[in-house]
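Me: Hi! I'm new to this one, could you walk me through it?

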Amino acid sequence: MLFFVYYGLGPQETAAIQAIYLEYRYLMKKVALSYFSDDFSAEDIVSLALYKLRNHLSKIPDIPSPSAQCYIVRVVKSVAVDYKRKTAKNPNASLEQMLEEYGFDAKSETPSVEEMLILAETVDAIKAALELLDRRQHDAVLYHKYFGLTLRETADRMRISSTSTVQYLCQSGLAKLKEAMLEGGGRIAK
């Protein structure tokens, strides 16, 4: 459902959208369901809201936070009202048409078969390399580097008192990842 949202974004933007989705997906769907009673329309609203949020990531405070939650709820409500208004005018309007109105060009953002295969190989290589990390390194790298949490937030989430410990776990984990990627012939580590 959400693949189109991530394609074409840089790693930080992708991580930010994924963090928003993982943290607020139930809230976003609940808000969408308050406007539409069917799950399909609610999921369309969430997808459209995430697509709209990708252009306003700098306005979103740290996640999770009450201010981020308020901003995201406002965006979902705005998208739901627009969606309701446009579907009332044209009951046959599709999600693709709504995305085009938000500026999504499926032709320019749809990956080729080769790109999808390379992406799948890369994801598999990263997963295999992540499995080589011990649990604490794995969690530190994911929270801090992938989801973009600060060292303090990562330490709190991992229940570690020192941010320097988190920093060490990240550095040693990334060094192991790079080594594993180079040994596996991965293009990522270069």
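**A first look at the helices**

Reply: Happy to! In helix α3, the residues Ser41, Ala42, Asp44, Ile45, Val46, Ser47, Leu48, Ala49, Leu50, Tyr51 and Leu53 are buried, meaning under 20% relative accessible area, with exposed being over 50% and partly exposed in between (1.4 Å probe, protein chains only). This is a predicted model, where local features need pLDDT of at least 70 and side-chain atom pairs count only at pLDDT 80 or more, while totals for chains, interfaces and linings use all residues. Residues are numbered from 1 along each chain as its sequence is written, and side-chain values use heavy atoms, leaving out hydrogens and water.

Me: How many of the 15 residues of α3 are buried?
Reply: 11 of them, and that leaves α3 mostly covered.

Me: Which two helices pack at an angle of about 45 degrees?
Reply: Helix α2 (residues 11-33) and helix α4 (residues 66-89), with axes 10 Å apart. The axes are lines fitted to C-alpha atoms over the stretch in contact, and angles run from 0 to 180 degrees between N-to-C directions. That angle makes α2 oblique to α4, as under 35 degrees is roughly parallel, over 145 roughly antiparallel, 65 to 115 roughly perpendicular and the rest oblique.

Me: Which residues meet there?
Reply: Ile20, Tyr24, Leu27, Met28, Val31 and Ala32 in α2 meet Ala68, Gln69, Ile72, Val73, Val76 and Lys77 in α4 (contact is heavy atoms within 4.5 Å).

Me: New topic: how many disulfides?
Reply: The count is 0, taking a disulfide as a pair of cysteine sulfur atoms within 2.5 Å.

Me: And Cys170, buried or exposed?
Reply: Cys170 is buried, because its relative accessible area is 3%. Cys70 is at 47%, so Cys70 counts as partly exposed.

Technical notes:
Helices (H or I, at least four residues) and strands (E, at least two) are DSSP runs, numbered from the N terminus.
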